[in-house]
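Please look at the sequence and the model first.

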Amino acid sequence: MTAARATAEAPANIAFVKYWGARDLDHAVPWTASLSMTLRRCCSVCTVEVIELDEDLVQWVNRNGECVDPGVGFASRVRAHLATLRRRLGTAARFRVATRNNFPSSAGIASSASGFAALTMATVAVAGRRLDPAALSVLARMSGSGSAARSTLGGFVEWPEDISNPQGPAAQVATADHWPLCDVIAVTDQGEKAVPSRQGHRRAPTSPLFATRLSLVPERLEQARQAIRDRDLEGLGRVIESEALDLHYIAMSSQPPIYYWNGGTIDVLKTVQRLRKTGCPVFWTMDAGANVHLICSQAERETVVREVEALESVRQVIRDEVGPGPRLLDTHLI
Ligand code: DP6
């Protein structure tokens, strides 16, 4: 049975232990497990509607609520994922897809994790199927966006749950309620990153540092899980900063090298050092881009916001925090 349409809202996530480098890039089969915090405010909303056409229709909903052309890159990734989902769900239906991000799409924050998690959830619902978050994570990963697997669950999430099965599901390490951590996002570059993550994954094994990091990840995962269990911000901070540095060391020493940082990145990292010296526990991580995610408790959040807002090189500051994960909505974009 198919419903006429379904809408899902799925959050972005910030990786504490990174997914960087893949055994199979097209299917996002990772070398190592990764662990992230699901966000609350930075979300994608996606409506999927069954249509009587021979082809899928992919649209982007802009800030004014108008459906616009999403650009070839995004549309072709969505079409390819719809074809995969049709095979997996056993349906021949064609779909109209409309997606909107409720965070500024010009903020330079990766939206493919939230976008593909929302697309997967809405398509499963419109096909009349009910899947648990673990099964959804396996389908979301097939989009080629590995981080989308982690956005199908809330709180703190590890993917894959068992690295001896790298195509396996994600699993929740702790709920959002367990530890209400904040993520203050210091946006130093509002544009799209010059080198997509996909290129970074592809080049990662050319770095002489890649193999060393692979050997360190199991211990880091255990340290991150333990820190989350114990709500130990300093313990978590050590792991996330080492992981972010390693991702960027690998990117910078890949062939050809990738330099994601800009001047604002350094300004923010120096501010973190200064804040810590004054006794403010704040720690940083970065994905494949120049923006910095500042992880702290709710008590420290406004101090952190104030300090980074004062930097000329910071274009925008977004307040986010750990959130409960995706959900189906009963209002639709189209
Ligand atoms: C640096 O392949 O999931 O964010 O294609 O943008 O979805 P997209 O990225 P993906 O790689 C994510 C890379 C990362 C680290 C991480 O989230 O683990």
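Phe-16, Phe-156 and Trp-179 are linked into a cluster by ring pairs. The model is a predicted one: local features need pLDDT of at least 70, side-chain atom pairs count only at pLDDT 80 or more, and totals for chains, interfaces and linings use all residues. Residues are numbered from 1 along each chain as its sequence is written, and side-chain values use heavy atoms, with hydrogens and water left out.

**Aromatic pairs**

A pair of aromatic rings is described by the distance of the centres and the angle of the planes. Here, rings of Phe, Tyr and Trp (its six-membered ring) pair if their centres lie within 6.5 Å; planes under 30 degrees apart are stacked, those over 60 edge-to-face, and the rest tilted. The count by this rule is six aromatic pairs. One of them joins Phe-16 and Phe-156, which are tilted, with 6.5 Å from centre to centre and 35 degrees between the planes. This pair links distant parts of the chain, since Phe-16 is in strand S1 (residues 5-17) and Phe-156 in strand S8 (residues 156-159), 140 residues apart. Helices (H or I, at least four residues) and strands (E, at least two) are DSSP runs numbered from the N terminus.

**Burial**

A residue is buried under 20% relative accessible area, exposed over 50% and partly exposed in between (1.4 Å probe, protein chains only).

| Residue | Relative accessible area | Class |
|---|---|---|
| Phe-16 | 0% | buried |
| Phe-156 | 0% | buried |
| Asp-56 | 5% | buried |

**Surroundings of Asp-56**

Asp-56 is in the loop between strand S4 (34-51) and strand S5 (57-61). Which residues does Asp-56 contact, leaving aside its neighbours within four places in sequence? They are Arg-79, Leu-82, Arg-86, Arg-94 and Phe-95, where contact means heavy atoms within 4.5 Å. Val-78 is 22 residues from Asp-56 in sequence, and the two are 9.2 Å apart in space, C-alpha to C-alpha.

**The whole chain**

The protein chain has nine helices and 14 strands. Its C-alpha trace spans about 60 × 45 × 40 Å along the principal axes. Of the 334 residues, 56% are buried. Among contacts between residues at least 6 apart in sequence, 76% join residues at least 24 apart.

Charged side chains number 37 positive and 36 negative, and the centres of the two sets lie 2 Å apart. Lys and Arg count as positive and Asp and Glu as negative, without His and the chain ends; each charge is placed at NZ of Lys, CZ of Arg, CG of Asp or CD of Glu.
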